[in-house]
Amino acid sequence: MQKIVPTRLLIHRRWRRNSAVTGVYRLIQMLFVEESESISKKSLRSSGEKFEFQAEVSRLMDIIINSLYSNKDIFLRELISNASDALDKIRFLALTDKDVLGEGDTAKLEIQIKLDKAKKILSIRDRGIGMTKEDLIKNLGTIAQSGTSGLVEKMQSSGDLNLIGQFGVGFYSAYLVADYIEVISKHSDDNQHVWESKADGKFTVSEDTWNEPLGRGTEIRLHLRDDAGGYLEGSKLKDLVKRYSEFINFPIHLWASKEVETEVPVEEDESAEEESETTSTEEEKEEDAEEEDSEKKQKTKKVKETVHEWELLNDVKAMWLRSPKEVTDEEYTKFYHSLAKDFSEEKPTAWSHFNAEGDVEFKAVLYVPPKAAHDQYESYYNSNKANLKLFVRRVFISDEFDELLPKYLSFLKGLVDSDTLPLNVSREMLQQHSSLKTIKKNLIRKTLDMIRKLAEEDPDEVHDDDKKDMEKSGENDEKKGQYTKFWKDFGKSIKLGIIEDASNRNRLAKLLRFETTKSNGKLTSLDQYIKRMKKGQKDVFYITGSSKKQLEKSPFLERLIKKGYEVIFFTDPVDEYLMQYLMDYEDKKFQNVSKEGLKVGKDSKVKELKEAFKDLTKWWKESLAGENVDDVKISNRLADTLCVVVTSKFGWSANMERIMQSQTLSDAKKQAYMRGKRVLEINLRHPIIKELKDRVASDPEDGSVKETAQLMYQTALIESGFILNDPKDFAGRIYNSVKSSLKISPDAVPEEEVEAEETETSEEDEIRWWSEH
């Protein structure tokens with residue numbers, strides 16, 4: 001390390017011996033004081049151009065300043081992270097134009113931290129890309145990122161400031177410890193400017209003519225609050241950098257002071273005093289052959305001096321370059337927190353660290369976050385959000401590179417470092433590079449292996465045969481329920497992958513989890529379902545709806561449950577789309593039990609029964625001609641229910657119709673086209689159906705019988721999950737039925753209201769009435 005003795009100390013040593021230096025010393029002191037006054041000024045410069053913060057920024061800073069949040073340490077990690085981003089940007093530009101780095105100290109890509117205890121100033125400087133005047137106004141005065149209003153509201157309610165870095169507004173965390181901030185910045189395309197604010201809703205931007213030229217980059221000066229004096233201690237800052245910023249890819253230096261012993265010449269008067277104090281015995285011992293040499297040498301003494309030097313705080317090798325065997329779980333967790341800007345106490349759910357070799361070589365670290373982002377599936381198909389950082393030969397390229405992973409895996413966080421991709425090309429050309437397809441294919445495969453391993457290590461996922469042995473051993477207790485947690489957070493992504501990624505559909509299907517009529521409230525997989533299938537069962541049975549509670553009472557399950565068949569519950573709206581793509585699994589077809597084509601065992605008398613009820617089904621179909629009913633059939637799925645309405649095999653189910661009708665921009669014509677043909681299935685063993693059969697055989701033109709048949713159909717529609725087109729008509733039929741059961745004439749109507757004549761009432765009468773009542 002380079003050791004630097006402060007100018008003041010050097011001057012102080014010699015000022016007594018050289019009176020001419022005294023004036024220079026005093027001049028330097030005056031300059032330091034003048035600069036100090038300029039820096040520590042707590043009022044905005046009157047010469048600066050004044051601006052007001054955007055409303056969201058003011059709200060955000062108000063929450064931060066008045067926050068009761070105890071962990072104020074986060075400000076340092078956020079400012080260092082921003083400095084690292086600025087350095088990444090200039091290094092990326094230097095790939096195609098080396099001149100942008102400049103020369104000398106300006107070309108050093110590093111972060112510097114300085115303390116001034118006397119003035120209570122903490123400064124953080126980088127030699128990154130810097131900001132123009134326009135950048136300062138835009139980046140520090142407004143919040144352009146979508147969803148940040150939601151962040152402000154969430155922070156306001158929960159006080160969790162750990163979210164701040166994930167929304168790109170970490171700069172404002174500086175107001176946790178500072179009541180006044182200066183941002184000095186120099187961009188290659190503009191002059192040096194100063195941004196300053198007291199967080200009172202206003203800020204100013206001035207052209208900088210008084211500070212030391214930066215060359216390029218940004219320096220943030222925090223004028224610390226009285227209660228934030230602890231951050232002026234070098235030891236505390238070292239600990240914070242070690243905890244939060246250990247994996248930053250640029251050197252972080254702290255301007256630190258320490259005491260060292262140095263030899264300085266002894267003045268003549270001091271030398272005489274020392275000689276007089278030396279005893280004769282000591283003089284005799286020192287009289288030897290070296291006496292002549294010692295006389296020639298100038299006498300010196302050891303004194304303690306305070307020296308300053310730049311101390312490197314992060315000397316850790318890039319974690320992804322190390323062998324996975326050398327990296328501990330704690331290091332993986334710390335790297336995740338640094339990479340994802342997620343500093344909660346939770347560990348990532350899973351991670352995969354691997355090196356790919358061959359024609360395309362790259363290193364990668366992938367993480368499954370501990371929980372889903374609050375906006376994980378908002379604007380899923382319209383956003384280009386990616387959470388992977390792309391490096392090429394250790395040079396950061398971009399964190400907005402969505403070509404590395406398919407959209408359904410965008411919840412992953414991590415990085416990819418390729419030795420194959422070219423450095424000196426534009427981002428657009430890089431997107432077209434042939435190696436990207438190979439990298440993407442490998443990343444998908446490794447991700448699915450990581451998720452599959454997550455399930456295999458979860459004791460709750462083990463088959464019943466092996467579960468007892470694992471319970472006896474007591475191993476993997478900490479991994480118990482980990483896949484269930486993953487599924488609740490990211491299960492929708494697996495379903496979207498089945499829809500979007502045909503080449504990996506079967507592998508993704510193995511990761512599916514759901515509840516069934518036999519799972520007792522726990523999640524199960526397709527493999528477990530198939531293992532439990534009845535002998536001779538060829539189809540995988542499932543039913544879709546809005547909730548498990550509703551589906552458990554569905555009439556479509558009655559006979560299946562009685563015969564011991566297992567049925568899958570699909571209650572997520574995306575499940576309807578999922579099952580349009582997942583047609584089969586392990587040679588088993590999927591059958592929606594609310595649609596045509598269900599086969600449940602064999603009935604030896606089915607032909608005789610169809611013939612016996614032929615007249616009834618034909619009559620009923622004709623009676624429902626205006627209801628768009630395609631057919632009336634004898635049901636093989638009902639046990640206790642009177643009748644149900646099923647749809648054609650390739651049309652929309654009742655649940656899908658409900659979902660599509662709730663779409664704001666749905667097309668009514670398309671709905672009419674896609675709506676499945678409806679079939680009324682009747683339970684011929686039900687006494688009402690038997691009675692209806694006899695009534696139709698006796699008098700097929702009986703109006704009351706037709707009315708009853710119509711009401712039964714409309715009731716079946718509701719019970720089967722459909723929405724009635726004409727609820728008023730249905731209500732009228734119900735009321736007519738009530739009249740009939742109460743033996744009230746069908747023509748009876750409510751009595752007409754008799755209107756009383758209005759009379760003028762005096763104020764005294766009103767008061768008297770109220771007092772009496």
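## A tour of salt bridges and an enclosed strand

Begin by selecting Asp584, which is partly exposed, with a relative accessible area of 38%. The model on display is a predicted one.

Next, select Lys510 and Asp527, whose side chains meet in a salt bridge with an N to O distance of 3.7 Å. Lys510 belongs to the loop between α16 (505-509) and β15 (515-516), whereas Asp527 sits in helix α17 (residues 526-531), so the contact ties together parts that are 17 residues apart in sequence. Lys510 is partly exposed, at a relative accessible area of 35%. Asp527 is likewise partly exposed, its value being 32%.

Proceed to Arg532 and Glu566, where a further salt bridge is found at 2.8 Å, N to O. This pair links distant parts of the chain: Arg532 is in the loop between α17 and β16 (539-544), and Glu566 is in the loop between α19 (558-562) and β17 (567-570), 34 residues apart. Are the two partners buried or exposed? Arg532 counts as partly exposed, at 37% relative accessibility. Glu566, by contrast, is buried, with a relative accessible area of 3%.

For a group that extends beyond a pair, select Asp449, Arg452, Glu456 and Arg507, which are linked in a network of salt bridges.

Now turn to strand β14 and select residues 413-418. Six of the six residues of β14 are buried, so the strand is largely enclosed by the rest of the structure. In a regular strand, side chains alternate between the two faces of the sheet. Both faces of β14 are covered: Lys413, Leu415 and Asp417 are buried on one side, and Gly414, Val416 and Ser418 are buried on the other.

Finally, display the strands that pair with β14. Strand β11 (residues 362-368) runs antiparallel to β14 and is joined to it by six bridges. To inspect this pairing, select Lys363, which stands opposite Asp417 in β14. Strand β12 (residues 388-392) runs parallel to β14, with five bridges joining the two.

Methods. Residues are numbered from 1 along each chain as its sequence is written. This is a predicted model: local features need pLDDT of at least 70, side-chain atom pairs count only at pLDDT 80 or more; totals for chains, interfaces and linings use all residues. Side-chain values use heavy atoms; hydrogens and water are left out. A salt bridge is a side-chain nitrogen of Lys or Arg within 4 Å of a carboxyl oxygen of Asp or Glu. Helices (H or I, at least four residues) and strands (E, at least two) are DSSP runs, numbered from the N terminus. Buried means under 20% relative accessible area, exposed over 50%, partly exposed in between (1.4 Å probe, protein chains only). Two strands pair if DSSP finds at least two bridges between them.
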